[in-house]
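Colleague: I'd like to learn how to read a few features off a model. Could you walk me through some?

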Amino acid sequence: MGKKNKDTVISLPLIIVKTQWWLSALVSQISRVEENMNSTEYESQVQRIADDHFLKISLKKLYEWLIEMDKYVENFEGVLNKLRELYNIKLLRDVSEHEVDYYKQNGNKQKEFVNEIYNQSIIKPLIINGVYYIGGKININELKLILNELEDILDNSNYNIKYEAIYMLDKLMKMPIV
């Protein structure tokens, strides 16, 4: 594996497309979860576990692309801050991704995410008073409000490019097209 290049610039159109894709994936996943969240059928309950994991992945990917977007565009800082306030998205996804390690008592944040008495994960989907919580931590209704705000910004497409980003854009313009 080669050295990481911190100066690599990702084109703004690619960032916009990826942000829109992951937003769309997350909104679709939320709709599916809400549609089946009160089902008592075993298959639906099993699917809920998988859907919860997919929600964490989609949310993390959207969050990563928004961080890239924020390097260029002013409009996304508020959305990023609201997502950060919900919960540590990366940590929630990482714990879910390494679930087996946690059950083997080898998780990096073991005490925070596993009930030691019952050896059960505490990042499973929860439904409290009719509200779905991703990983038992993120209120899906609060997330939907943030996603609606993000959709409004993306639909507007009237971005304010950050002054600091002009250097990065200039650099990108000088790169050879492959």
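Modeller: In the protein chain, take contacts between residues at least 6 apart in sequence: 67% of them join residues at least 24 apart. This is a predicted model, where local features need pLDDT of at least 70, side-chain atom pairs count only at pLDDT 80 or more, and totals for chains, interfaces and linings use all residues. Residues are numbered from 1 along each chain as its sequence is written, and side-chain values use heavy atoms, with hydrogens and water left out.

Colleague: How many helices and strands does the protein chain have?

Modeller: Helices (H or I, at least four residues) and strands (E, at least two) are DSSP runs, numbered from the N terminus. Here there are eight helices and five strands, in the order α-α-α-α-α-α-β-β-β-β-β-α-α.

Colleague: And what share of the 178 residues is buried?

Modeller: Buried means under 20% relative accessible area, exposed over 50%, partly exposed in between (1.4 Å probe, protein chains only). For this chain, 38% of the 178 residues are buried.

Colleague: Which residues are buried in H4?

Modeller: Helix H4 spans residues 89-97, and seven of its nine residues are buried: Ile89, Leu91, Leu92, Arg93, Asp94, Val95 and Ser96. Asn88 caps its N-terminal end, with a side-chain oxygen 3.3 Å from the backbone nitrogen of Lys90.

Colleague: Why does Lys18 count as partly exposed?

Modeller: Because its relative accessibility is 24%. Lys18 sits in helix H1 (residues 12-36). Lys18 and Glu64 are 46 residues apart in sequence, with 9.8 Å between their C-alpha atoms.

Note on methods:
Contact means heavy atoms within 4.5 Å. A polar contact is a pair of N or O atoms within 3.5 Å; within protein, one must be able to donate a hydrogen and the other to accept it, and residues adjacent in sequence count only if both atoms are side-chain atoms.
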